[in-house]
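Hi,

Here is the model I promised to pass on.

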Amino acid sequence: MYVRKHRGWLAPSIKNKIHRHLKTIKDIHKILPVSKIIIETAAFDIQKIKNPDISGTEYQQGEQLNFWNVREYVLFRDDHKCHGKKNCTGTILNVHHIESRKTGGNAPNNLITLCKDCHNAYHDGRLKLDIRRGQSFRDEAFMGIMRWAVYNQLKEIYPNVSMTYGYITKNTRIRNGLENTRCIDARCITGHPMVKSLGYYYNQKAVRRHNRQIHKATINRGGYRKLNQAPKYVFGFQLFDKVLLGDSYGFIFGRRIVEAI
Ligand SMILES: [Zn+2]
Ligand SMILES: [Zn+2]
C-alpha cells in the first residue's frame with residue numbers, strides 16, 4: 001500500500017490542529033479506561049478508489065461497501081451539490097449512474113451527484129443532463145495530511161490504534177437502522193453499533209485559561225491600569241468549578257468582584 005509519511009514540514013495551522021486532536025485523545029484517557037483507539041478522519045478512502053485492485057486484509061470488503069466508498073468520494077468531488085438542473089439547490093442527494101451500473105460500472109467517472117428531484121426528473125425523461133465524463137481526481141489533500149500525521153503520531157504513543165472511514169461508519173449506522181447522531185456514530189466507529197448506551201456522554205468544552213474581567217477601562221491614580229484578570233479564587237470558587245445551585249448543577253463561567261468604593 002502506498003502510504004505518505006509526513007515527517008517533514010507542516011504548516012503551523014495544520015500542526016496546531018493535529019496537536020489539538022492528540023490533546024483531546026490524551027484528555028479522554030484521563031477519564032475513561034481506553035484500550036483501543038479507532039480514528040475516523042476522512043469520509044472515503046481515496047487510495048482505494050485510485051487503486052481498486054489493491055489487495056490486503058483491510059481491502060477485502062464487499063462490493064456493496066466499496067460502492068459506499070466511491071459514493072462518498074463522488075459527493076465530495078461534486079461539492080455535495082446537485083449537478084442536475086442549473087444552480088439547483090436540492091439537498092436530498094443521490095448518486096446517479098451515467099451509464100447503467102451493469103455497463104458503466106461503479107467508477108467515479110460514471111457517477112454524478114443529483115438531488116432527488118432532478119434524479120427523478122432525469123429518469124422520467126423531464127431533464128437532460130449535461131455531463132462531461134472523465135473528470136479528474138480531486139484529492140482530499142488537507143485531510144490526507146492530517147489523517148496520516150494524527151494516525152502515525154497516535155501509533156507512537158498508544159499500543160492499539162487503527163483507522164476507519166466515514167463511509168464505513170455511515171454504512172454500519174444505516175445497516176443497523178440507527179439515527180444519525182454523533183454519539184451513535186461513535187459507537188458505529190467502534191464496530192459495536194448496538195452496544196447499550198450508558199445514557200449519558202462526556203462533552204468536552206474548550207475554556208479559556210485566564211480569568212479575564214470585562215471592566216478594565218478604569219485607570220487608577222498614578223496611571224496604572226487595573227489588572228486584566230480576576231484573582232484565581234473569588235468567594236472560594238474558581239473558574240469552571242462544578243456547583244450545586246438549588247437542585248441543579250452548573251459550572252462557574254465568570255466571576256465579578258464588586259468593589260466597595
Ligand atoms: Zn439514476
Ligand atoms: Zn437538483
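Predicted model: local features only at pLDDT ≥ 70, side-chain atom pairs only at ≥ 80, totals over all residues.

Donors here are N, O and S atoms within 2.8 Å of the metal (3.2 Å for Na, K and Ca), and water is not among the atoms, so sites may look incomplete.

Residues are numbered from 1 along each chain as its sequence is written, chains are lettered from A and ligands numbered from 1 in the order in which they are written, and side-chain values use heavy atoms, with hydrogens and water left out.

Two of the histidines, His119 and His123, sit four residues apart in helix H5, about one turn of the helix. (Helices, H or I with at least four residues, and strands, E with at least two, are DSSP runs numbered from the N terminus.) His119 is buried, with a relative accessible area of 14%, whereas His123 is exposed at 53%. The cut-offs are under 20% relative accessible area for buried, over 50% for exposed and partly exposed in between, with a 1.4 Å probe and protein chains only.

H5 covers residues 116-123, and its buried residues are Cys118, His119 and Ala121. They fall on the same side of H5 because they cover an arc of only 165 degrees around the axis, the arc being that of the directions from the helix axis to the C-beta atoms. Asp117 and His123 are exposed on the other side. Strand E2 (93-97) and strand E3 (111-115) are among what covers the buried residues, where contact means heavy atoms within 4.5 Å. Just after H5, Gly125 has a positive phi of about 80 degrees.

Now to the zinc ion (ligand 2): its protein donors are the SG atoms of Cys82, Cys88, Cys115 and Cys118, lying 2.2 to 2.4 Å from it. The angles between the four donor atoms run from 104 to 115 degrees, so the arrangement is tetrahedral; for four donors, that needs all angles between 85 and 135 degrees. The sequence spacing is C-x5-C-x26-C-x2-C. Cys88 lies in the loop between H3 and E2 and Cys115 in strand E3, so the pair ties together parts that are 27 residues apart in sequence. Both Cys88 and Cys115 are buried.

Glu72 may also interest you. This residue belongs to helix H3 (residues 63-77) and is buried, at 7% relative accessibility. Its side chain makes a polar contact of 2.6 Å with the side chain of Lys170 (a pair of N or O atoms within 3.5 Å; within protein, one must be able to donate a hydrogen and the other to accept it, and residues adjacent in sequence count only if both atoms are side-chain atoms). Leaving out residues up to four places away in sequence, Glu72 touches Ala43, Phe44, Tyr167 and Lys170.

As for the whole protein, there are eight helices and six strands, and buried residues make up 31% of its 261 residues.

Best wishes

Terms used. Tetrahedral: all angles 85-135°; square planar, octahedral: opposite > 155°, others 65-115°.
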